[in-house]
Amino acid sequence: MSEVKIAKRKDKCENCTKQCNKKQTEDGAVPNADREEVNGQLDEGSQLLLSACLSCDGCLSEEDNLKISQQNLEEVERVLALNKRCDASKHKVLVASLCPQSLPFFAVKFGVGINEAAQKLCSFLKHVGVTFVFDTTLAAGFSILETQKEFTQRYRRRHHDSHALPMFTSSCPGWIRYSERVLGSLVTPHICTARSPQQIMGCWVKDYFSKQQKLSPEQLYHVVVAPCFDKKLEAVREEFYNSLMETRDVDCVLTSREIYHLMERRKMSAEELDSVALDQMMGDGGDAALVRHDGRGSEGFLEHVFKHAAKELFGLDVQEITYRTLRNRDFQEVTLERDGETLLQFAAVYGFRNIQTLVHRMRKGRVPYQLVEVLSCPGGCLSGRGQAESEVEGRVDKALVQQMEEVYSSLPVRLPELNPALKTLYEDWLQGQNSTEASKLLHTEYRTPSQVHTQPPHMEW
């Protein structure tokens, strides 16, 4: 990298630091006591809140900014417009994947049940030019099963591998970005290598599904509808780009509100939309009913791994999980005990403030958990800023979140282990659950700050 570029980045990051520190002081965002707990004896004047850091693009490279700038409605509209103008042989086949945590937003906005909301959303997307509309529950099932398997492997080698435990979940891109940019080797070896549901879905669309449709990957344009802006950053990671085919697993991520704005732009209301069933990943033989996984508003990695580990490692069947609230509702733990002995201790840590507390304890070697489900949004994925944030005040709409939680919990729970479609895809797509292909397509790796080249040298945490 040239000296000029280094100087520009340094200037940019220093300005970001000054502005964020000024904003924290003005807003009174962090009491002194909390600063001390999170940051130890570090000088407050040089610190940034994790939330301020990750919501700012000040340290993104020009290339990153260019990639992210293409993650918007205008880009999707451009592709749709080109399909109308260009020769049919050059058309892009649009595929939309709906995150289950986005569907409650549309159910509340449309004033209907979640299944009907999904069908109306499918109707709208197909009306504007999308050919296939899936939901990503099956992809989440892959991610959960791979996470369960990795946890039991790590647990069994914990005595001779210092990085085996605790294991941190990997589905939240905000958490991954923070870990890679700031925490480095303190945390990255502990992060589960299973890809997130979004990226497994992207891999399935551009690999298995494209072959089924007798199309090359670059002929498909894959859009994901998600509750979170950080999913845009995940989509442009270089490991999810096929340089040979010049295509990404996920071409564009749109938030729930962006899709809702597109409906408003097209002057289409939910009342005038027909109900159109979503496409099934396994064709007509798939199950058309919407389901969810365990967990309060997220994919439920903690609950699924906890129950699986209890059975696999200790022969115990756990039906119900009892959470014990620690600092607040977004910092909870669950414990498996037998004859007074603690066998497993997991934690759910949501929100930037709680993540900073977790990191502080990690530095002190005071993390008693074998697994921690980490999500950067307080309240979990339903509270993602791409749908839960009030457009007027720029803050989380608590009434909306409560409604979405009620809608989401109305979906029936289905264990991924009991889903025959997953078993079929493991064989037909991946050549088996423990194959080299499964390891290659369902897992990823993480970088250190020196590899991402984005962490300002003067920022400490």
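Select Leu344 to begin. Setting aside residues up to four places away in sequence, Leu344 touches Phe151, Tyr155, Phe306, Ala309, Ala310, Phe314, Val334, Thr335, Leu336 and Gln370. The model on screen is a predicted one.

**The whole protein**

The protein has 18 helices and 11 strands, and 55% of its 461 residues are buried. Among contacts with a separation of 6 or more, 74% are between residues 24 or more positions apart. The accessible surface comes to about 20,900 Å², and carbon and sulfur atoms hold 48% of that area.

**The five-stranded sheet**

Select β3, β11, β10, β9 and β8. In that order they form an open sheet of five strands with mixed pairing. Its edge strands are β3 and β8 (324-328), each of which pairs on one side only. At the β3 end, two bridges join β3 to β11, and these two strands run parallel. To find one of the contact points, show Phe168: its bridge partner in β11 is Val372.

**Asn354**

Move to helix α14 and select Asn354. Is Asn354 buried or exposed? Its relative accessibility is 5%, so Asn354 counts as buried. The side chain of Asn354 reaches the backbone oxygen of Asp330 at 3.4 Å. Apart from neighbours within four places in sequence, Asn354 is in contact with Arg327, Asn328, Asp330, Phe331 and Val349.

**The four-stranded sheet**

Next, select β2, β1, β4 and β7. These four strands form an open sheet in that order, with parallel pairing. Why is one side of β2 (132-135) and of β7 (252-255) left without a neighbour in the sheet? Both strands stand at the edges and have a single partner strand each, so one side of each has no neighbour there. From one strand to the next, the twist averages 25°.

Look at the pair β1 and β2. Four bridges join β1 (residues 93-98) to β2, and the two run parallel. Val95 has Phe132 of β2 as its bridge partner. Then show helix α7 (residues 114-128), which packs on this sheet and touches β1 and β2. The direction of α7 makes about 150° with that of β2.

**Val205**

The last stop is Val205, in helix α10 (residues 197-212). Val205 has a relative accessible area of 0% and is buried. Leaving out neighbours within four places in sequence, its contacts are Val95, Ser97, Ser210, Leu220 and His222. One of these, Val95, is the residue paired with Phe132 at the previous stop. To finish, draw a distance between the C-alpha atoms of Val205 and Val250: they are separated by 8.7 Å, while the two residues lie 45 residues apart along the chain.

Definitions and conventions
Residues are numbered from 1 along each chain as its sequence is written. This is a predicted model: local features need pLDDT of at least 70, side-chain atom pairs count only at pLDDT 80 or more; totals for chains, interfaces and linings use all residues. Side-chain values use heavy atoms; hydrogens and water are left out. Contact means heavy atoms within 4.5 Å. Buried means under 20% relative accessible area, exposed over 50%, partly exposed in between (1.4 Å probe, protein chains only). Accessible areas come from the Shrake-Rupley method with a 1.4 Å probe; for residues, only the protein chains shown count as cover. Two strands pair if DSSP finds at least two bridges between them. Axes are lines fitted to C-alpha atoms, for helices over the stretch in contact, and angles run from 0 to 180 degrees between N-to-C directions. A polar contact is a pair of N or O atoms within 3.5 Å; within protein, one must be able to donate a hydrogen and the other to accept it, and residues adjacent in sequence count only if both atoms are side-chain atoms.
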